[in-house]
Amino acid sequence: MKKHHLRIPGPTEVPDSVMRAMQTPMLNHRGEEFISIFKHVSEEIKEVFQTQNDVLIFPSAGTGAMEAAIVNLFSPGDLILSFPNGVFSERFAQIAESFGANVERIQVEWGKPVTPDTVRERLTRDTNHEIKGILFTHNETSTGVLNDIKALREAVGNHPAVILVDAISSLGAVDLKTDEWNLDAVVTGSQKALMLPPGLGFISLSAKAWTMVEQSRMPKYYWDFRAAKKSLEKGQTPYTPAVSLIFALKESLELMKKEGLPNIFKRHLMISGALRAGIKALGMKLFVDDRWASPTVTSIEISGCETQNFSKLLKNRFNITVAGGQEKLKNKIMRIGHLGYVDKMDIINVLAGLEMALGDRNLYGKGVREAELFFEKGEMGQ
């Protein structure tokens, strides 16, 4: 038997207690017991979003939540500004485009963040306020870049466009102050930092966003926020919820509350920093600069077809599963996920696997030792 070490940026590993919660006997989803649970998780999830606004929960992948945000806030022909710097920021733009929005893309080099100056420069020229919405991706999973949402929001200033944030691979692992930063719609999915299996999508909405919902003319039925809000007031969903995942969500939120958001954010920064220190010690090249490196996924440059072979070696010899690059980065980078249910020893494990997979015995222990030193300095507050 080999223990499986899942080091991809989602789906992530799930705590045993969360898995056990899913085995709770099925309930009537319209009965009082389930309504009580759903009301509870609908309130508790607000703490993770750092919002006082309602958070809608749909049975869906994160992409479903992205689509739901688009079709509820906009109308065909609306001008939406996008800053693609990877696969998933581009996906957000494609979703909007597929429903008839007029999407203006300002392309950003993959591996680099969106800069406040880029945002500010474009909005300064929008003197007639034709731009109705702005799409930001907090953590670009395909490259391992973290965009500074606070700075980007400040660059928007008083422009009336609604701000939509894809926080699918960041929320619950990286600080994102929905209300304090004045973000209108934030979406995430269950299979990342929330430590759940895939299948739940979450959307928080500001009062300004709800005004847009009332004006939206894009087609929707299952995703209709008005129906979801009406049902939420009764502790229900418009259609059948993912009952077992709601049981699991209750347990995962309790685990997160026990650890505390500040400690969770610190843990992810420590893990990311230790992994990057270890990779550098092995002489491997990181794809993203430390200044905007993601706390949840790290990309390593590996040229040509070596990526697939290297990933297979980690899988076959050590049962460590990592992710490859996507689209233009296919066979160019390897991505290591470290979010949600992840700790120090998970990083030590993957670095030891990398050392052995490289096949140079002179490297044995170098990455692990550098990571351990990083952890020690962090624990000492240095």
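## Ground rules

Since the model is predicted, local features need pLDDT of at least 70 and side-chain atom pairs count only at pLDDT 80 or more, while totals for chains, interfaces and linings use all residues. Residues are numbered from 1 along each chain as its sequence is written, and side-chain values use heavy atoms, with hydrogens and water left out.

Helices (H or I, at least four residues) and strands (E, at least two) are DSSP runs, numbered from the N terminus.

## Helices α5 and α6

Two packed helices are described by the angle between their axes and the distance between the axes. Here, α5 (residues 116–124) and α6 (residues 149–156) pack at about 20 degrees, and their axes are 8 Å apart. That makes α5 roughly parallel to α6. For reference, angles under 35 degrees count as roughly parallel, over 145 as roughly antiparallel, 65 to 115 as roughly perpendicular and the rest as oblique. The axes are lines fitted to C-alpha atoms, for helices over the stretch in contact, and angles run from 0 to 180 degrees between N-to-C directions.

On the α5 side, the contact (heavy atoms within 4.5 Å) is made by Pro116, Val119, Arg120 and Leu123, and on the α6 side by Ala151, Leu152, Ala155 and Val156. These residues divide into seven nonpolar, no polar and one charged. In this scheme Ala, Val, Leu, Ile, Met, Phe, Trp, Tyr, Cys and Pro are nonpolar, Asp, Glu, Lys and Arg are charged, and the others, Gly among them, are polar.

## How covered is α6?

Mostly covered: six of the eight residues of α6 are buried (under 20% relative accessible area; exposed is over 50%, partly exposed in between, with a 1.4 Å probe and protein chains only). The buried ones are Ile149, Ala151, Leu152, Arg153, Ala155 and Val156, and they pack against α5, β5 and β8 (162–166). Just after α6, Gly157 takes a positive phi of about 65 degrees.

Thr137 sits in strand β5 (residues 131–137) and is buried, at 5% relative accessible area. Not counting residues up to four places away in sequence, Thr137 touches Phe88, Ser89, Asn147, Ile149 and Asp166.

## Stacked tyrosines

The model has ten aromatic pairs. Rings of Phe, Tyr and Trp (its six-membered ring) pair if their centres lie within 6.5 Å; planes under 30 degrees apart count as stacked, over 60 as edge-to-face and the rest as tilted. Tyr221 and Tyr239 have ring centres 5.9 Å apart and planes at 25 degrees, so the pair is stacked. Tyr221 is in the loop between α7 (207–215) and α8 (225–232), and Tyr239 is in the loop between α8 and α9 (243–259), 18 residues apart.

Tyr222 also stacks with Tyr239, at 5.7 Å centre to centre and 15 degrees between the planes. Tyr221 is exposed at 64% relative accessibility, whereas Tyr222 is partly exposed at 31% and Tyr239 partly exposed at 29%. Phe58, Trp210, Tyr221, Tyr222, Trp223, Phe225 and Tyr239 form one aromatic cluster.

## Met284

Met284 lies in the loop between α10 (261–281) and β11 (285–286), and is buried at 13% relative accessible area. Leaving aside neighbours within four places in sequence, Met284 contacts Ile279, Ile300, Ile302, Phe310 and Leu358. The C-alpha atoms of Met284 and Ile300, 16 residues apart along the chain, are separated by 7.1 Å.
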